[in-house]
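Subject: Structure handover

Hello,

Here is the structure for you to open. Please have it on screen as you read on.

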Amino acid sequence: MMSRLWLIPLFGLAFSVQAAPAPETPGLLPTEMVRPLLEQDPNVAAARAGLEVARQEAGLLDSSPYEWNAKLSSQRRTLQQGPAYQEWNAGIERPLRLPSKASADRNIGKATIEEAEARYGEALHEAARDLLSLWLDWLAAEHGRELASANRQSAQENLSAAGKRLRAGDASKLDVSLAHAELADQQRMDNDAKTLAAVAWGNLHARFPGLGQEMKAWPTPMPLKQNAAFWRERILAESDELKTAQAQLQKAQAEAERTRADKLPDPTVGIYTASEVGGRERITGLSVSMPIPGGQRGQRAARSLQLVEVMRQQVESKKRALEAEIANAIVSTEGAYTSLQLAEAGAAAMQDNARLMQRAYTLGEADLQALLLARRQATAAAQSALAARAGAAKNYYLLLIDAHLVWELDHDLPKQAARASE
């Protein structure tokens, strides 16, 4: 009992963060679209099947593993210089599981189910992370393709403007040659962007074939309103990875209880009846037998206690690793949001500069090289803003997924598994 007291703060933590505020998720894939995709994922389906296996295993542990054993023997008794008699012996016997062992087996079964539920939740969690990451990668590639297409169109317009100025005697053939080279480079970049978008969609469609291509709007990343302590407590309380380790510890504790109880062997009881001397003697009796315990039973009990200590340290190690990951995720999310604001402001300024330079070139107030430089700077700034938006969105929504604040990841997993298997 004392070995489980250390879990009480974690259980209290889970109850203290249940009433989490609903986060802002503008543009995120809707839950009614996501849940079927997650449930149909092969890893999630395998974990759901594993949960059913665990329930069956718990049912087996709840019932006694012993069966009745029937015995029947026949013999012939021959007296010296006397008659011969036909005799027989019949009986049934069965080992009895001691109450302490039955209780330990039920605890093992309960921990087995809890571990399987946690593994099912972790499979859902990982599938949700994969869906978000692949979807955002595809969105980034699609918007990169649109940006490359717009840049190609601008390069085409620059070439047309250079040709007009050449015909008007206001530009040199070098300007037209530079415009041609710029157009060729933008056409190459446009083709590369189309290829990247096709590859990103192929990866997303192969992993989640039920998702359509109509969801192209960016999910908007938001600033974190809660402090670091909230996110730490929430993610630790909802972490199925940590719950798996805790369930494995509980299972090891129950198995240790079982080996301690097994130091006293289970008795075998039976009843029998016999007929001897040709039926002249009838025998009825009760039998009890029990193995004489040896030193190995105590050694196995000591070994199981050491395994409990190993699992306890593994839980603590997992908890510390998660705390480090959470701290890094919070810092990354806040930093990515700040970078997004700066990148968008820079991109807007560069775009205004390129627009003014385009007007100046059209009016003959600037040369082509200055225009191309302004265009390249605007393109680089737009690509940086696009990457910043993708990074900020991924950090923000992955944090919400880890906290089980979206897509109903915090709902009753056993009930979800039952509905999904129907």
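Below are notes on some strand pairings and then on a cavity.

First, a caution: this is a predicted model.

Strands. Strand 3 covers residues 268-276 and pairs with strand 2, residues 84-95. The sense is antiparallel, over eight bridges. To find your place in this pairing, go to Ala90: Thr273 of strand 3 stands opposite.

Strand 3 also pairs with strand 4, residues 281-289. That pairing is antiparallel too, with nine bridges. Here Glu276 faces Glu281 of strand 4 as its opposite residue. Strands 3 and 4 form a hairpin with four residues between the strands. In that hairpin, look at Val277, which has a positive phi near 50°. A general point for viewing: side chains in a regular strand alternate between the two faces of the sheet.

Cavity. How many cavities of 30 Å³ or more does a search of the whole structure find? The search finds one. The volume of the largest cavity is about 60 Å³.

Its lining consists of Asn151, Ser154, Ala155, Asn158, Glu182, Gln186, Arg375 and Thr379. Helix 4 (99-167), helix 5 (173-207) and helix 9 (368-402) each give at least two residues to this lining. Helix 4 has the largest share, with four residues. By class, the lining has five polar residues, two charged and one nonpolar.

To see the site, display the lining residues, including Asn151, Glu182 and Arg375.

Best wishes

Notes
Residues are numbered from 1 along each chain as its sequence is written. This is a predicted model: local features need pLDDT of at least 70, side-chain atom pairs count only at pLDDT 80 or more; totals for chains, interfaces and linings use all residues. Side-chain values use heavy atoms; hydrogens and water are left out. Two strands pair if DSSP finds at least two bridges between them. On a 1 Å grid over the protein atoms alone, a cavity is a set of points where a 1.4 Å probe fits but cannot get out, and a pocket is an open set with protein on both sides within 12 Å along at least five of seven lines; lining residues have an atom within 4 Å of a point. Grid points are joined across faces, edges and corners, and a volume is the space filled by probe spheres set on the points. Ala, Val, Leu, Ile, Met, Phe, Trp, Tyr, Cys and Pro count as nonpolar, Asp, Glu, Lys and Arg as charged, and the others, Gly among them, as polar.
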